[in-house]
Amino acid sequence: MTGMLCWATVAWLLGIGLYGIVTSRNYVHLVGCLSVVQASTYLLLLGIGYRWQAGPPIFYDHPPGTPAVDPVVQALVLTDIVIGATVTALLLALVLRLHKRTGSLDAGSIRPLSR
Amino acid sequence: MTPRARLLVFIGACACVLPAAVDVVMHMPAFGVHPLPYGDAVNRLGTAERHVTNMVSLVNFDVRGFDTLGEEFMLLCAVTGVTILLRGARGEQPTAEPGYAPGRPDVRRSAAVTAIGRVFAPLIVLFGFYVVLHAMTTPGGGFQGGVIMASGCLLIWMGDGYRSWRQMMRTEILDAAEGFGASLYAAAGLAPMVLGLPFLTNILPFGQPKDLLSGGLMLVLNAGVGFAVAGGFGVLFVEFLEETRAVPLGGGE
Amino acid sequence: MSLLLDLLFFMTAVTGTGIVLSRQPGRQVLAIAANGLVLSLLFTALQAPDVAFSELAVGTAAVPTLFLVVLISTRIDRTPRSEAKE
Amino acid sequence: MSVWGLPGLVPLPVVLPLVVAGVLLAFSKLLPARLPDAIAVLTTVTVSGLCADFALHIGDQPLVYWFGGWTPRDGQVLGISFAVDPAGAILGAFSGLLFTCSLIFAWGYYDEVHAHFHVLMLLFMAGMVGFCLTHDLFNMFVWFEVMSVAAFALTGYALRSSSLVGALNFTVINTIGSYLILAGIGLLYAQGGALDFSALAQAVAKTPADPVLTAAFALVAMGFLIKAAQVPFQPWLADAHAVAPSPVSVIFSGIMVPLGLFGLARMVCDVFAASPEVHRVATTLLLGMGALTAVLGGVMALIQRHIKRLLAFSTISHTGIMMIGLASLNRVGLAGLLAYLIGHGLVKASLFMVAGIIEARCVGTDEIGLRGAGRPFWAVGIVMAVGALMLAGLPLGLMKIGSEQIVGAAHAFRQGGTGAVLIGAACTGAAVLRVAGRVFGGFGPVPGEEKRAPTEQEREKADRPLSLMLAPTLLLLMLAVLPAESGRAFLDHAATMLRHASDVRDLVPGSATGGLASPSARRGELAAPVMRTIGPWISVGLAIVIAVYHLGRSRIQPAINKGVDRVLGPWVEVLQGLHGGLIGDYVAWVVVGLAVFAVTCAFA
């Protein structure tokens, strides 16, 4: 049951994030929606690495050998978070510059090339 | 497409994807009980082979340290990109005044806010440093600590205002820290190659488990990440906050 | 444990939806920070303290700050104060 | 092994540019103006040399290198490995060559920002080489992201509003693609419990018909297809390539986009080698997508007036042609993919350099506005015309080998595909030929459908010596037209190893024949000899006819022109509208692509 809920949340976040991007009229809002899409990947990876009745993969208080969840997916998610932060920063920088150029944040009104 | 047509296309496509998604969810391995051979192997080997207690750091800096190398340089890439995008067009002006929102009253910050900022900023930076140091034993590491250090400095901005903050953050130093940290990571990986061992082989003594200085080469790599992330996020904050300053007389975009 | 996880999954879905539906950028910054917070809690519950730590630093502090700065920057007047007063 | 290619040096092609980039950044404010140029060129040459050396000295086994000395224990893979095979190494060497030429072309172009351009270019290259050589799925994703982030930043470099929107669209679509890949990696990890290609291939062989694995394939493939700009994910490419600085567009079109297909080839031939279900989905879908992309890209190229945008659409078309080769999944098709990738990369890189020269010299990229403006340096026009004919399928050099094999493979495996190859080649060749005729010859005073296309006034820094810009252009074009028959055996070997990546290492016993077996490949080589000799000339002829028609409109009765315009006009409007630069539209198409995958997986 919890598992289903986890995978369903992943699918929901992916879908709603894409919905947000498709309907977005504001570039800042769009960047926020992209982070929702990304949150779905965090959840998927950590959900896969989870194990009932297991502790964190840190053997400071527990001796090595106590049941622990998967450390590999956690390392992957850490990388994922860095990717998310860097891409968000880059996108926001683009958005800022674009706002200075055109005075608008509306994704619908700015076209890359004039007709 | 009109927004309406676009939404219809999106909904139609989602309707097609939905049955497949349900099928996949039904066939996913059982949550919390399926085998995890890779992670278990790391948990089994980690403390015995590298004398560290934090397995996530072990994966990040040793077993899959090559991924982290790429990750560090990805950060470097993004920061350089942001610098080009923002600094490239406006130039750098460490002494400029902040801009202000029209119609918004100019509230002076109270002495208490300033004091809180000045007291807590060093504390948070210190805490970030602590987090970096304890990567091998408890949760934390170069990345988390670096972000905390860079964010801690933001308290000066909130307490003392833009100008004091900007005078504290020197881009030359931040750039250098970032480049140095990332290069340190790569150089530490190259060092074993001089001895004829594979890239990133852990050649330093491993120390004792639960000891701050356990993990051998991982300590150097962790320090490199700490420098790179603190510098990188520092540059990001500087470049973004410079966007809130006023344009100097005669200088336009 | 199971109930706590269920609740946190639900909260994640709700706050994520909140980010998408808050079309006003100022409110969205809050939604992003709230989502970051819920995600950190969830990661802690999923026995991933390292990831929770990162998410707390990045998702509730650094990234919302960047969004906030973008909002400030798109709203301020860029003439220097001394000039504007004259 | 030669002295250079000591097995211990395998990580250097990736690590060297990273270190140089880090040092350049740390000392960016202290270095004199021209030094970063020189350092960067030296680095790219070294990387190219190293990779070429690997490519030439690998035997029948890939060169496996375990990072950190984490070799597998008791059958459990722990660390990350590089498995250098000839295909990956030759692509690494090729990207090094393109970066060298592009940096020489850009010499003196960017002096205002301290070495930042060089830092990004070096990281861009390191990402590509890592992507080509790695044998670990997540590591592949990391290098893919390094490559993407560098590309995002470089696209917006010019800071015009068009380049900013182009970069935004590029970033958003490609980042969605990355997240889809990551989700696919997650599903693979859930089912296979590993990230190493060979270990995953083993896991796939155990449960070949699992829906989770098929979904994982669909997600990862989507990510790579977005990068490779296949229909319906293609519009971002035109927005991004049109507005990026020309030295960067050289890299984008020359290697970055086709690398998406290379990643897909690795997936299909290595990780999913033992899954007949995936192979069934792949062959059906990839052939259809490739054919559609080849034709649509060609038609779109014909109705553009912004020279770089036109070239970008021709890249879309030619990537579609490569995909037709990939879709056959046999040795001939893969050898064709590799040959075409490199041949097309050489030609397209030199064409983008010509576009850069036009932009720098004539101040503009609008074909119609620049009519006759290139007359003073007509020699460049000849380069462009030769490039155009090469795109149209002139049987010379690597592209000849590539198209022969792609057509052969497509013919043997299913009767479709060949027509799409010819139409795509003819249309793109005609479009570029038209530009050459109009800009350098002053022909074509009456524009046709292309006048409806979007355009912009742009300029790039003009005071660069023409010789420095022309030298790499000529070098690349020469490499493209030189006879390459001696490379045939090498490419064949590379394709064989790429195709049998998993069973070379004996990890999946008995599953070597996933999809199509070698007999059909042999048939492909022998099939359609008529098509192989006549085909290229048909497309070249067609290209010349179309170009002459476009340029000769002024000689035709105005009534006929008006009639043609009335018939084609609405269709052109629709096509332009589909590429209108709205990010929401593009993302909607991504979801449509997901739906196509889902439906194909259900019914294939």
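Author: First a term: contact means heavy atoms within 4.5 Å. By that rule, 66 residues of chain D are in contact with 62 residues of chain B.

Reader: Before going on, what kind of model is this, and what are the conventions?
Author: It is a predicted model, where local features need pLDDT of at least 70, side-chain atom pairs count only at pLDDT 80 or more, and totals for chains, interfaces and linings use all residues. Residues are numbered from 1 along each chain as its sequence is written, chains are lettered from A and ligands numbered from 1 in the order in which they are written, and side-chain values use heavy atoms, with hydrogens and water left out.

Reader: Which chains share the most contacts?
Author: Chains B and D do, of the 5 pairs of chains in contact.

Reader: And how far apart are the nearest C-alpha atoms of chain C and chain D?
Author: They are 14 Å apart, and the two chains do not touch.

Reader: Back to D and B. What is the area buried there?
Author: About 5,200 Å², with carbon and sulfur atoms giving 76% of it. Buried area here is the accessible area (1.4 Å probe) that two parts lose on being put together, summed over both.

Reader: How many salt bridges between chain D and chain B?
Author: The count is 3. A salt bridge is a side-chain nitrogen of Lys or Arg within 4 Å of a carboxyl oxygen of Asp or Glu. One of the pairs across the two chains is Arg6(B) with Asp585(D), whose closest N and O atoms are 2.6 Å apart.

Reader: How many residue pairs are in polar contact there?
Author: There are 8 between chain D and chain B, both residues being at pLDDT 80 or more. A polar contact is a pair of N or O atoms within 3.5 Å; within protein, one must be able to donate a hydrogen and the other to accept it, and residues adjacent in sequence count only if both atoms are side-chain atoms.

Reader: Which elements of D give two or more residues to that side?
Author: Those of chain D are α1 (12-26), β1 (63-66), α4 (116-133), α5 (137-155), α6 (161-192), α8 (211-227) and α23 (583-603). The largest share, 10 residues, comes from α23(D). Helices (H or I, at least four residues) and strands (E, at least two) are DSSP runs, numbered from the N terminus.

Reader: How do the residues on that side of D divide?
Author: Into 49 nonpolar, 12 polar and 5 charged. Ala, Val, Leu, Ile, Met, Phe, Trp, Tyr, Cys and Pro count as nonpolar, Asp, Glu, Lys and Arg as charged, and the others, Gly among them, as polar.

Reader: Now A against B. How many residues does the contact take from each?
Author: It takes 45 from chain A and 46 from chain B. The area buried between them is about 4,300 Å², and carbon and sulfur atoms give 73% of that. Arg51(A), Tyr60(A) and Arg97(A) supply 15% of the area that chain A buries against chain B, more than any other three residues.

Reader: Which residue of B does Arg97(A) meet in a salt bridge?
Author: Glu243(B), at 3.4 Å from N to O. The count between chain A and chain B is 3 salt bridges, along with 13 residue pairs in polar contact (both at pLDDT 80 or more).

Reader: Which element gives the largest share on the A side?
Author: α3(A), with 20 residues. The side of chain A that touches chain B divides into 32 nonpolar, 9 polar and 4 charged residues.

Reader: Change of topic: how many salt bridges over all chains?
Author: The count comes to 28. Within chain D, the side chains of Arg305(D) and Asp366(D) meet in one of 2.9 Å, N to O. That pair links distant parts of the chain, 61 residues apart: Arg305(D) is in the loop between α11 (276-302) and α12, and Asp366(D) in the loop between α13 (331-362) and α14 (378-392) of chain D.

Reader: Are those two buried or exposed?
Author: Both Arg305(D) and Asp366(D) are buried. Buried means under 20% relative accessible area, exposed over 50%, and partly exposed in between (1.4 Å probe, protein chains only).

Reader: What about Arg34(D)?
Author: Arg34(D) forms a salt bridge with Asp37(D), the closest N and O atoms lying 2.9 Å apart. Arg34(D) is partly exposed at 33% relative accessibility, whereas Asp37(D) is buried at 4%.

Reader: Last one: where is Thr315(D)?
Author: In helix α12 (residues 307-328) of chain D. Thr315(D) counts as buried because its relative accessible area is 0%. Its side chain makes a polar contact of 2.7 Å with the side chain of Ser253(D).
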